[in-house]
Amino acid sequence: MRDDEPVAGALPYAEVTDEAYAARAAADFTVREFEFAVQLSGRCPRCDHSTTSTLVDGLYRRDAPAVAPETDYRTVLCECEADHPARPAGLRGCGAHWTLRLEVEA
């Protein structure tokens, strides 16, 4: 069975968050830096499927001027390819979202 194949009893799509999601993602996600993007990869803290999010340009720029600390936080969405019942057409993921603070070396 592939990593993201639907399984019986798969979590239904729900736009939800939990403080534990951010803690788990911060501890487990891999961060890759590119010239104008940051890629976050890991297991969704809600559905446990593989997910990858890319924050680019306007969302995250290493060369942006210094800004207030609250702008260092980014909302990340589950973007897994697994089937989640009740997911609206055209969307990916299980609906989970969490907020991470990114500190990327210049």
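Which residue in strand 2 does Val31 stand opposite? I looked up Val31 and found Leu40 there.

**Ground rules**

I am working with a predicted model, so I noted its limits: local features need pLDDT of at least 70, side-chain atom pairs count only at pLDDT 80 or more, and totals for chains, interfaces and linings use all residues. Residues are numbered from 1 along each chain as its sequence is written, and side-chain values use heavy atoms, with hydrogens and water left out.

**Strands**

I took strands as DSSP runs of E with at least two residues, and helices as runs of H or I with at least four, numbered from the N terminus. Two strands pair if DSSP finds at least two bridges between them.

I checked strand 1 (residues 30–34) against strand 2 first. They run antiparallel, and five bridges join them. The hairpin between them passes through two residues.

Next I turned to strand 2 and strand 3 (residues 50–56). Seven bridges join this antiparallel pair. I looked up Gln39 and found Thr54 as its bridge partner in strand 3. The hairpin here has six residues between the strands, and Asp48 in this hairpin takes a positive phi near 70°.

Why do I call strand 2 largely enclosed by the rest of the structure? Five of the seven residues in strand 2 (residues 37–43) are buried. Buried means under 20% relative accessible area, exposed means over 50%, and partly exposed lies in between (1.4 Å probe, protein chains only).

**Aromatic pair**

I searched for rings of Phe, Tyr and Trp (its six-membered ring) with centres within 6.5 Å; planes under 30 degrees apart are stacked, over 60 edge-to-face, the rest tilted. I got one aromatic pair. Phe29 is buried at 11% relative accessible area. Trp98 is buried too, at 1%.

**Core**

A nonpolar core is a set of buried Ala, Val, Leu, Ile, Met, Phe, Trp, Tyr and Cys residues joined through side-chain atoms within 4.5 Å. The largest one here has 18 residues, and Leu40, Cys44, Cys78, Ala96, Trp98 and Leu100 touch the most other members. Helix 1, strand 2 and strand 5 each supply at least two residues of this core. Helix 1 gives the largest share, three residues.

Last, I listed contacts of Ala96 (heavy atoms within 4.5 Å). Leaving aside neighbours within four places in sequence, Ala96 is in contact with residues including Ala14, Tyr21, Cys44 and Cys78.
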